[in-house]
Amino acid sequence: MAGRKEKNNTKKCPLCGGRMSDGMTVAPFFINDRVIVIKDVPAEVCGDCGEAYMKSRVVDRIEALLDRLEDLHSEVSIVHYKAA
Ligand SMILES: [Zn+2]
């Protein structure tokens, strides 16, 4: 699976057809009774409706991050994507 490339072309928002551009988003996750907020997540963000889409490698990293955060026992965790 090495060498898989992601297209960086301008995409259209599946929701509203607006233009997507690279940006950052905040991704909240609700796991059981806990809230984990990941800030500064790289994503493609729609310029019209603000919907954000994460790339698959970003999602993979977030899943690994959530696994680690499950060991913490705080009800609310706020982490930065890059620092984690
Ligand atoms: Zn949109």
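Strands are DSSP runs of E with at least two residues, and helices are runs of H or I with at least four, numbered from the N terminus. Two strands pair if DSSP finds at least two bridges between them.

The model is predicted, so that local features need pLDDT of at least 70 and side-chain atom pairs count only at pLDDT 80 or more, while totals for chains, interfaces and linings use all residues. Residues are numbered from 1 along each chain as its sequence is written, and side-chain values use heavy atoms, without hydrogens and water.

**Exercise 1.** Determine how strands β1 and β2 are joined.

*Solution.* Strand β1 covers residues 20-31 and strand β2 residues 34-46. The two run antiparallel and are joined by 11 bridges. Met20 has Cys46 in β2 as its bridge partner. Two residues lie between the strands of this hairpin, where Asn32 adopts a positive phi near 55 degrees.

**Exercise 2.** Identify in which sense β2 pairs with β3 and with β4.

*Solution.* With strand β4 (residues 76-80), β2 pairs in the parallel sense over five bridges; here Lys39 stands opposite His80. With strand β3 (residues 52-53), the pairing is antiparallel over two bridges, and Glu44 has Tyr53 as its bridge partner.

**Exercise 3.** Locate the salt bridge found in the whole structure and describe its residues.

*Solution.* A salt bridge requires a side-chain nitrogen of Lys or Arg within 4 Å of a carboxyl oxygen of Asp or Glu. Lys11 and Glu44 meet this way at 3.3 Å, N to O. Lys11 lies in the segment before β1 and Glu44 in strand β2, 33 residues apart. Buried means under 20% relative accessible area, exposed over 50%, and partly exposed in between (1.4 Å probe, protein chains only). Glu44, at 7%, is therefore buried, whereas Lys11, at 39%, is partly exposed.
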